[in-house]
Amino acid sequence: MERTILVPIDFKVESLNALRLALNTINEGKVNVVLMYAKIPTDSISDFLFYSPDEMVDSLKTNEFEEAIAILKNRYESLLGSISVELFHGYSANALSNFLEARNIDKIYFSKNYKLKPGKKGFDPTPLLKKSRVSYQEVGGESVVAERKTLSTLFNYFGLEIANH
Amino acid sequence: MKTQLKIALFLIFTNSLMLLLFGGSIYYFLYNYSYTDFYKRLETRATIAAKYNFDADKINAEPFKIIRKEHLEKLSAEKEYLYRVENNNDLAEMAQKSELPMAFLKEILNKGKATRQMDETFFTGIRHESNKQTHIVVVSAKNYYASNHLLFMRNVILLGVLLIALITTYLSFFFSRRIFDPIKHITDRVKQISKDNIHLRIEEKKNDAEISQLISTFNDLLNRLETSFETQNNFVSNASHEFGTPLTSIMGEAEVMLMKQRSPEEYQQSLMSILGQAERLNQITQTLLYLAQTGYTNKRVNFEILRTDDLIWQVKEMIDKLNPKNNIQVDFSLLPENPKKLKVMGNRQLLSLAFTNILTNACKYSNNKPVVVTIASSDDQVFLAFTDHGIGIPESELPFIYDPFFRASNTRNFEGYGIGLPLTRNIIKIHNGQLQLSSVVNEGTTVQIRIPLAKIP
């Protein structure tokens, strides 16, 4: 069975833990993943003129983030179909339901313990996603530190951040 | 030849060449033009002369003459020759009279038009036919323009080329010096820096991106050199201290024993202690030897394809034997499904030595609290993380942890020499990997290692 799931991210390695935990709950089939980053659309007309979502995603992606995705791809090689990173610009529930419908999202996964820390002009879409008609599931929650550490210990920068926690 | 001179000469050469080409082509084309133009002028005159002499009747001829006099400038040494031609004998006669060459006259007759230059005089002749009679009209004059104006022009161009070439020469030298002066300055400054005053730096320049980049690169290099010099100095003092301690205790032990006659038990005990110290010395020397060998990368180590998870298990088994109380957990939650992604090119002995070092340190400094080893891999490298909950390393001492014999200030209660981590880092370096360490005092240390995957087709 092929399905598409959505995980909101903030381009930090920790936010990918939700994806890891989500994939742990799915045992078979093929899963396509949409990683969604919510960003307030620009109000400058010249920015719109040169608007390119691919470039924007590229500038937001860090090396660690890409490597973490590669690690997850290798870990769940047989389960994962495609992973794509998509930008969502919008505030309303309607805009979001359009976004979800266009990508055939079957389920949304959140991390119970990690609150997204979006960068400049970004916002946390969790409340909006919870109100949508697509069903969602919260994953994780047993041990905060252990859960979050797994992926981020591999990356120095985040490892430090966790250790200070 | 100096690069400065080379650049200057190159600039001078190319610029002069272009100038000469420019001046020369102006002169050449103008020269050509002046000739064709002059012949055309002569031809016009010949045509007009033929018209009023042979075509027009007497009444019409007068205005022609007047127009010609009024509107056509009199050329210097202008001369007209008008002849009627009936047969070839006339030509010979004509040539004799006018001193014009026979060939020229024949050419006019045959082709209808011809030009010729003799000395400074130019001739244009045309064949004119009217009332069934053939005439030859020749007009000759001296080309004042060509002989005077062109000469003047040539002198002006030559002078201009010479002048501009001089200016170019000056500018070329000026610019090449301007470019190379800062570099010369850097060279002079770097020459001053030697082993004794390695603290000296080259002062940074503003408004010169490339040069200041070069300077900052030099300064970075000097910084690194200075650090490594210091490390070297520290190494000698640390090493002598490390070697000195067991030697002193061996000597002391032996001296005390030799003071008087002792019982065999006492000798045995003392020899045991001496043996212990000697073993310690041997161990230090062995590790130092390893450190030195791994430090020189010119010595090629034998590499084979290894599975990292396999290696970790072997190391864990070995530590289980040596220290049964250890609590090493291997975390496979991120292990890739494809075992190919765990294979690296490496030397089995060296890599297991590195992992053993890290894991024994993790167990030692955390008093056998849990140590987690995480293995994961991206598309081009294997990630290994060793996390312990030990005493950690003070932040201020983190920059020195790779110096041989350096030991953090909070490690007094633990035995060790401070050679393990530098050795481990050398080993990872040989494998083209990276080793990073982050630590918080009393919370724990995380060692991360990345090793490039083996390229298996």
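# Legends to close-up views

**View 1. Ser76(B) touches Ala141(B), Lys142(B) and Tyr144(B), leaving aside residues up to four places away in sequence.** Here two residues are taken to be in contact if their C-beta atoms, placed from the backbone, lie within 7 Å. The model is a predicted one, in which local features need pLDDT of at least 70 and side-chain atom pairs count only at pLDDT 80 or more, while totals for chains, interfaces and linings use all residues. Residues are numbered from 1 along each chain as its sequence is written, and chains are lettered from A and ligands numbered from 1 in the order in which they are written. Ser76(B) sits in the loop that joins helix H2 (58–71) to strand E1 (79–85) of chain B, where helices (H or I, at least four residues) and strands (E, at least two) are DSSP runs numbered from the N terminus. Although 68 residues separate Ser76(B) from Tyr144(B) in sequence, their C-alpha atoms are 7.0 Å apart in space. Ser76(B) has 13 other C-beta atoms within 10 Å and is therefore partly exposed (20 or more make a residue buried, 12 or fewer exposed, and counts in between partly exposed, with C-beta atoms placed from the backbone).

**View 2. Helices H3 (residues 88–98) and H4 (residues 102–111) of chain B cross at roughly 130°, their axes coming within 9 Å of each other.** This angle makes H3(B) oblique to H4(B) (angles under 35 degrees count as roughly parallel, over 145 as roughly antiparallel, 65 to 115 as roughly perpendicular and the rest as oblique). The axes are lines fitted to C-alpha atoms, for helices over the stretch in contact, and the angles run from 0 to 180 degrees between N-to-C directions. The crossing of H3(B) past H4(B) is right-handed (left-handed if the near helix is turned anticlockwise from the far one by less than a right angle, right-handed if clockwise). H3(B) contributes Leu91(B), Ala92(B), Met94(B) and Ala95(B) to the contact, and H4(B) contributes Met102(B), Leu105(B) and Lys106(B). In the contact of H3(B) with H4(B) there are 6 nonpolar residues, no polar ones and 1 charged residue (Ala, Val, Leu, Ile, Met, Phe, Trp, Tyr, Cys and Pro count as nonpolar, Asp, Glu, Lys and Arg as charged, and the others, Gly among them, as polar).

**View 3. Helices H5 (residues 144–192) and H6 (residues 209–258) of chain B come within 11 Å, axis to axis, and cross at roughly 15°.** H5(B) and H6(B) are therefore roughly parallel to each other, and the crossing of H5(B) past H6(B) is right-handed. Pro182(B), Ile186(B) and Val190(B) of H5(B) make the contact with Ile211(B), Leu214(B), Ile215(B) and Phe218(B) of H6(B). The contact of H5(B) with H6(B) comprises 7 nonpolar residues, with no polar and no charged residues.

**View 4. Helices H9 (residues 348–365) and H10 (residues 420–430) of chain B have axes that come within 9 Å and cross at roughly 145°.** The crossing of H9(B) and H10(B) is left-handed. Leu350(B), Leu351(B), Leu353(B), Ala354(B), Asn357(B), Ile358(B) and Asn361(B) of H9(B) meet Gly420(B), Leu423(B), Thr424(B), Ile427(B), Ile428(B) and Ile430(B) of H10(B). By class, 9 residues of the contact of H9(B) with H10(B) are nonpolar and 4 are polar, with no charged residues.

**View 5. Asn367(B) and Asn442(B) are shown in their loops.** Most residues other than glycine have a negative phi. Asn367(B), although not a glycine, has a positive phi of about 50°, and this residue lies in the loop between H9 and strand E8 (371–377) of chain B. Asn442(B), likewise not a glycine, has a positive phi of about 65°, and its loop runs between strand E10 (434–440) and strand E11 (444–452) of chain B. Asn367(B) is partly exposed because it has 13 other C-beta atoms within 10 Å, whereas Asn442(B), with 9 such atoms within 10 Å, is exposed.

View 6. For chain A the mean pLDDT is 82, and 85% of its residues reach 70 or more. Over residues 156–165 of chain A pLDDT stays under 50, and the model has 21 contacts for this stretch beyond four places in sequence. Where pLDDT is low, the predicted coordinates should not be read in detail. Chain A contains 8 helices and 5 strands, and 38% of its 165 residues are buried.

Key:
pLDDT is the predictor's confidence in each residue, from 0 to 100.
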